[in-house]
Each structure stands twice: as structure tokens, then as C-alpha cells.
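Please look over the chain below.

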Amino acid sequence: QLVESGGGLVQAGGSLRLACAASKHTANSYSMGWFRQTAGAEREFVAYVSWSGVYTYYADSVKGRFTISRGNARNSGYLQMNNLKPEDTAVYYCAADPSSDYYTPLYNYWGQGTQVTVSS
């Protein structure tokens, strides 16, 4: 119900833009979040945008470098990542409809993930 795209390999300092597309039955009126996960670690909160697009929140580690937004049709979302660092390397997941606090990985809908690799 959610499909991410836009991951890839980039050098440190570069940029990537991740996209999250939702089916008509998903996320149209839901808040959306981005999380990331590395092998052996828990899924980590990255960014959140409210259903209206007005409110956004970020993890301290990405604040000032990443920007989350929604598409005009509201059934899509984006994560613009600038000044990427090797420690940003992870599988990135988009999610919709949080069932708890926005920064916890307790969302009702998830994408399959897209790999982002930042080389030094």
C-alpha cells in the first residue's frame, strides 16, 4: 500500500530525494513518517509530517539537512536529504497512520523500504 523510491548510492555531501506513493485507500488523510534501519538495530525515527502538511518534526540527527513534505494529492510524500553523511546509510521506510506517538515505529501502513548508501 506504500511504495518507496529514490534510494541509491551517493557520496558524502550529496543529496537524494525519496518518494513514497500510497494507494487511494491509504494515507490520503493520514499523517506520514519516515524511519530508517541498519542491520541489527531498531527502526529509527527520521521525520514526520501531519496530514495537513502544516506540522513537521525531525530527529536531531537530520534536522537542518532533511526536509519532509507531502504531495499535492496528499497520497504521496517526500524526503529531501541534503548534505548526506556516511552515518545516514540505512534502509529507509515510509509509514502512514501512526497508532501511537509519531516518533515511535507504530504505524499501521509501511512501505517495503529503499536502500540509501552514503560513501565517504
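## Basis

This is a predicted model, in which local features need pLDDT of at least 70, side-chain atom pairs count only at pLDDT 80 or more, and totals for chains, interfaces and linings use all residues. Residues are numbered from 1 along each chain as its sequence is written, and side-chain values use heavy atoms, leaving out hydrogens and water.

Strands are DSSP runs (E, at least two residues), numbered from the N terminus. S1 covers residues 2-5, and its side chains alternate. Leu2 and Glu4 point to one face and are buried (under 20% relative accessible area, with a 1.4 Å probe and protein chains only).

S1 runs antiparallel to strand S3 (residues 16-22), and 4 bridges join them. Strands pair if DSSP finds at least two bridges between them. Val3 has Ala21 as its bridge partner in S3.

## Aromatic rings

The structure holds 11 aromatic pairs. Rings of Phe, Tyr and Trp (its six-membered ring) pair if their centres lie within 6.5 Å; planes under 30 degrees apart count as stacked, over 60 as edge-to-face and the rest as tilted. Why is the pair of Phe35 and Tyr107 edge-to-face? The ring planes of Phe35 and Tyr107 stand at 75 degrees, with centres 5.3 Å apart, so the pair is edge-to-face. The pair links distant parts of the chain: Phe35 is in strand S4 (residues 32-37) and Tyr107 in strand S10 (residues 107-110), 72 residues apart. Phe35 is buried, at 0% relative accessible area. Tyr107 is buried too, at 6%.

Ring pairs also build a cluster, which includes Phe35, Phe45, Tyr48 and Trp110. Trp110 has the charged end of Arg43 over its ring, 4.8 Å from the centre. The charged end of Arg17 sits over the ring of Tyr78, 4.0 Å from its centre. A charge sits over a ring if NZ of Lys or CZ of Arg is within 6 Å of the ring centre and within 35 degrees of the ring normal.

## Exposed loop residues

Val54 lies in the loop between strand S5 (44-49) and strand S6 (56-58). Val54 is exposed, with a relative accessible area of 59%; exposed means over 50%.

Asp60 is found in the loop between S6 and strand S7 (66-70). Asp60 is exposed as well, at 66% relative accessible area. Asp60 and Val46 are 14 residues apart in sequence, and their C-alpha atoms are 8.5 Å apart in space.
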